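Hi,

Here is the model I promised to pass on.

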Amino acid sequence: MSQEIPTLDALIVGAGSAGLFLLDALTRRGVSVLLVESTAIGTGQTTSSQGILHAGVKYSLGGIAGDDAIEAAAAAALWSGMLAGESCDLRQVRRLADHCYLWRTAGLVSAAAMVGAKVALRTRPEPVAKAARPAWLAHVAGEVLTLAETVIDPRSLLAVLAQRHAGRIALGDVCAIVQDGDCRRVEIRGSRDVNVRARHIMLTAGAGNEELAQVAGTPIKMQRRPLRQAMIRGPLEMAFGHCIDGAKTRVTITSDRSPSGEVVWHIGGQVAEIGPKMSATDFRAHVIEELRGAIPDLDLRGCAFASYEVDRAEPLTKDGRRPARAFAQTVGNVTTIWPVKLVLAPVIAEQVGAALSPRKSTPAQWPPDLSVPPLAQRPWEALTADTWSAIS
Ligand SMILES: Cc1cc2nc3c(=O)[nH]c(=O)nc-3n(C[C@H](O)[C@H](O)[C@H](O)COP(=O)(O)OP(=O)(O)OC[C@H]3O[C@@H](n4cnc5c(N)ncnc54)[C@H](O)[C@@H]3O)c2cc1C
């Protein structure tokens, strides 16, 4: 097959937050780069993300700001620049909230964690006066704090980046990644077959990375950490916050509106961690009980419940827990990337981008007849009506 696309500096595989931030970072550096996506943009983790640009609170509840809390706080600073139009301009991304609330359930351990959260963070949570609390937190017995954590709509982030790089993203399956001189030849099956030659291959396929790294002959060990996220829709206020219990986040609530305009609470935290071990029915009962425990006088009349399962995909750690940092590993001319958090995706993209020598390449484009991947739907858009069950 003749080479219809001139040899690229880099080919990115996977259009989640990691792949799209990398595409943007490399394009800004003048690198000739294209991206291939096998299904829909953001399928898997990014579209399921709660969109919280963590300021480090979840990682410092024990009272100590570890490396990861500091990295998250530094990333939050990078995001505030991007949301203001610097470097990777994200001014068009939908911001759902400028802050999250932080409150605790009764108990000494929770009280200690709350103190820990206050002293360990760069962005200190500020107390909220009783009269200034949102109605949904009006009856919380203890202190309610506000935390400068922005919440974005991850789908709008994907949309902004995908639109900016239209022509550089194609739909296709990677069938082979073969060494070809000092480059790699990648065989892609899409709306038609196409071969690409690239100096570097960047794997940003989330849960797909392990298999792709195997195909490239640069195997890498991955771990999946399963979650079951809950969703409640109905006559609710938009709510954003973490309820702390000891050093754990009992529930983390973020909100958005469904296409019909109804408010949907997206619920993660500790309930989502233990959810995969429960039946769907037990999970539903557990989440409702936890919410009622966390939010006194919560009124769920007229609401409906649904849940879905999703895996976090990360590099394997010794103890199977969350890796402390974003991950990128290069073997030969293949780099495998797991940002570990949405908030860290631009950080790792800038680091990987800076490691590629700047070139004066001609900007690359896919042939215009290749299909373009759609945007993945948010979890509550993807579920059919009969998946929701009324809460009595
Ligand atoms: C429920 C949930 C909530 C979260 N909430 C937050 C949060 O509030 N804040 C935060 O900072 N982080 C959060 N995270 C973590 C964050 O979402 C992820 O770390 C991040 O989105 C991972 O992005 P990614 O691009 O590496 O992977 P993904 O988003 O999984 O993207 C991978 C992409 O690669 C494509 N792909 C897969 N296989 C192939 C293949 N063979 N060929 C081509 N393409 C392929 C997929 O279709 C997909 O588009 C959350 C994660 C989950 C699961």
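Predicted model: local features only at pLDDT ≥ 70, side-chain atom pairs only at ≥ 80, totals over all residues.

Residues are numbered from 1 along each chain as its sequence is written.

H1 covers residues 17–28 and H5 residues 154–164; they pack at about 40°, with axes 10 Å apart. Axes here are lines fitted to C-alpha atoms over the stretch in contact, with angles from 0 to 180 degrees between N-to-C directions. The crossing of H1 past H5 is left-handed (the near helix is turned anticlockwise from the far one by less than a right angle; clockwise would be right-handed). From H1, Ser-17, Leu-20 and Asp-24 make the contact, and from H5, Leu-157, Leu-158, Leu-161, Ala-162 and Arg-164 (contact: C-beta atoms, placed from the backbone, within 7 Å). These residues divide into five nonpolar, one polar and two charged (nonpolar: Ala, Val, Leu, Ile, Met, Phe, Trp, Tyr, Cys and Pro; charged: Asp, Glu, Lys and Arg; polar: the others, Gly among them).

H1 also meets H9 (residues 345–355), their axes coming within 8 Å and crossing at roughly 45°. That makes H1 oblique to H9 as well, but here the crossing is right-handed. Ser-17, Phe-21 and Leu-22 are among the H1 residues involved, and Ile-348 and Val-352 among those of H9. This contact has 10 nonpolar, two polar and one charged residue.

**Around the ligand**

Of the 41 residues around the ligand, Gly-14, Gly-16, Gly-44, Gly-206 and Gly-208 come nearest (near: C-beta atom, placed from the backbone, within 6 Å). H1 is one of the elements giving two or more residues to this shell. The shell divides into 17 nonpolar, 21 polar and three charged residues.

**The whole chain**

The protein chain holds 10 helices and 18 strands (DSSP runs, H or I of at least four residues and E of at least two, numbered from the N terminus).

Best wishes

Notes:
Contact = placed C-beta atoms within 7 Å. Parallel < 35°, antiparallel > 145°, perpendicular 65-115°, else oblique.
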